[in-house]
Amino acid sequence: MLYLASRSPRRTELLSRLDRPFRALDLDVPERRAPGESALDYVQRVAADKARAGLVRVANDPEAVVLGSDTEVILDGEVFGKPADAADAAAMLRRLSGRTHQVATAVALVAVDREQAVVVVSEVTFVDWSEAAIAAYVASGEPMGKAGAYAIQGGAERYIRHLAGSYSGVMGLPLQQTEQLLLAFESKGVAHV
């Protein structure tokens, strides 16, 4: 059985597009960057941590395959996680305004006997946001709970000048790469993925 180690409704909706039966697991895995840990190492580790925690949760299922994923916004090597409050969201958006940043999404698959992972990095360029636009977007509440304080599939989409990479990856789960990862996992003899 395939399990999704995520509380994210976006990831649940995205994974359902791959037409595979799965169950979502409600997990709370710490997301703290270690001193000296690169942004890409961090996103990969958190995805793997989520998948491993999920595997522990479903240890009674010997055929369990658990998918963990993490998405982070990166600007100049700094990871922009989820904003703490409205002021933090506005500060993030001001820094991203008019610039190109990276969105890294890692996907990890874990079973009893093995692990595989992939990381997808996309580049997103915002137009210059006015203070009024930032204030209105923050007031909408959409930035809360989102890496980098925005949702590409929501109101922030109108401020994106350019995207190079995976749209679904920026949303939280790169579908093409996830499908390929699942197929590779299946071909190695893991049943019922």
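Buried means under 20% relative accessible area, exposed over 50%, and partly exposed in between, for a 1.4 Å probe and protein chains only. The model is predicted, so local features need pLDDT of at least 70 and side-chain atom pairs count only at pLDDT 80 or more, while totals for chains, interfaces and linings use all residues. Residues are numbered from 1 along each chain as its sequence is written, and side-chain values use heavy atoms, with hydrogens and water left out.

**Stop 1: around Ser69.** Colour strand E3, residues 65-75; Ser69 is found there. Strands (E, at least two residues) and helices (H or I, at least four) are DSSP runs, numbered from the N terminus. Now show side chains. Ser69 and Arg11 are joined through their side chains by a polar contact of 3.3 Å. A polar contact is a pair of N or O atoms within 3.5 Å; within protein, one must be able to donate a hydrogen and the other to accept it, and residues adjacent in sequence count only if both atoms are side-chain atoms. Next find Gly172: its backbone oxygen is reached by the Ser69 side chain at 3.3 Å. Leaving aside neighbours within four places in sequence, Ser69 is in contact with residues including Ala47, Lys50, Thr105 and Leu173. Contact means heavy atoms within 4.5 Å.

**Stop 2: Tyr167.** Select helix H5, residues 167-171, where Tyr167 lies. Is Tyr167 buried or partly exposed? At 32% relative accessibility, Tyr167 counts as partly exposed. Beyond neighbours within four places in sequence, Tyr167 is in contact with Ile152, Gln153 and Glu157.

**Stop 3: Phe185.** Move to helix H6, residues 175-187, and pick Phe185. Phe185 is buried, at 0% relative accessible area.

**Stop 4: H3 and H4.** Select residues 86-96 for H3 and residues 131-139 for H4; these helices pack at an angle of about 140 degrees, with axes 10 Å apart. That makes H3 oblique to H4. Angles under 35 degrees count as roughly parallel, over 145 as roughly antiparallel, 65 to 115 as roughly perpendicular, and the rest as oblique. Show the contact residues. H3 brings Ala86, Ala89, Ala90, Leu93 and Arg94, and H4 brings Glu131, Ile134, Tyr137 and Val138.

Technical notes: Axes fitted to C-alpha atoms, helices over the stretch in contact; angles between N-to-C directions.
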